[in-house]
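Have the model open while you read.

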Amino acid sequence: MEKRAFVFPFFHISCSCLFTIFLFATSASGSLVFNFYAASCPIAELIVRDTVSSSSSSDPSIPGKLLRLVFHDCFVEGCDASLTLQGNNTEQSDPANRSVGGFSVIESAKRVLEFLCPGAVSCADIIALAARDAVEIVGGPMIQIPTGRRDGMVSIASNVRPNILDTSFTMDEMINRFSNKGLSLFDLVILSGAHTIGTSHCSSFRDRFQEDSKGKLRLIDKSLDSSYADELTKECPTSASPSVQVNNDPETSMVFDNQYYRNLLTNKGLFQSDSALLSDNRTRKLVEDLANDQEFFFESWGQSFLKLTSVGVKTGDEGEIRRSCASTNA
């Protein structure tokens, strides 16, 4: 999930929705609490927000990168910044993570926080807060999330593939992965809306095409709109460099909105896993509702994002607070 002037509409979640979020945060997330850094580093969230904002101003792809980063971190070892650890055979070395970006933003915020509040703010919290802020910066909802995550000390490449999703997954495969993380079918549909921003490499949807004898790509996945498929083959011909990327959302790629679901209704989901949301009877009605009601999407996003960023968190005496996000303190 990767993705000049930004749009800044603000959306405030209703009181009833916030109450629901509070109940989840206190019951399912253990020691995660709102304003965890009120005493130890009261400017923590402001520093993260300012770092994300300034980085996004100079590089509009940052919001999408940060959103993808939190997904890939939380689905492996839980939301513990295991993905930011560098070294041989760490999660970063797995091919599925080599195109994940946004690490420099996390490290930048960490350096400032270590200077102002040494040993107080975890990399895991920075990742969650940065993704939260990235959504708001490009027009998405402004939400509150609890903090208090600790940094993990394990990062192994072989743990990546059995846990993350692949763009070629069937609905049942996606449901299984989400269920293993305590996330529901509803969360699956809502969090897939992250594809409303970001970019992806041509290889991530190449399985929807087949190369003919003349070296041209021919559409073989009939669930994809043919005119959209033609656009994709122009942007990603067989001769395209592996570095070439296309927008996940062909309509409003720099704005976090519900256009992703409207795209699905016209068979313009970039990935096979996107199209599955429309073709499966278990999710089609929800896709239609989200396409017709952006406020419903934003409210639902707040709840599902909270659940995502609470997956497998380490709190209390677990893990550590790293001095640098790239390495453990040992």
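E288 and R284 pair up through their side chains in a salt bridge, 3.2 Å from N to O; the term covers a side-chain nitrogen of Lys or Arg within 4 Å of a carboxyl oxygen of Asp or Glu. Both residues sit in helix α11 (residues 284–292), four residues apart, or about one turn of the helix. This is a predicted model, where local features need pLDDT of at least 70, side-chain atom pairs count only at pLDDT 80 or more, and totals for chains, interfaces and linings use all residues. Residues are numbered from 1 along each chain as its sequence is written, and side-chain values use heavy atoms, leaving out hydrogens and water.

The whole structure has 15 salt bridges. Here are three of them:

| Pair | N to O distance |
|---|---|
| E288 and R284 | 3.2 Å |
| E136 and R49 | 2.7 Å |
| R208 and D221 | 2.9 Å |

E136 in helix α5 and R49 in helix α2 (residues 44–58) are 87 residues apart. E136 is buried at 5% relative accessibility, while R49 is partly exposed at 24% (buried is under 20% relative accessible area, exposed over 50%, partly exposed in between, with a 1.4 Å probe and protein chains only).

Conventions:
Helix = DSSP H or I, 4+ residues; strand = E, 2+ residues; numbered from the N terminus.
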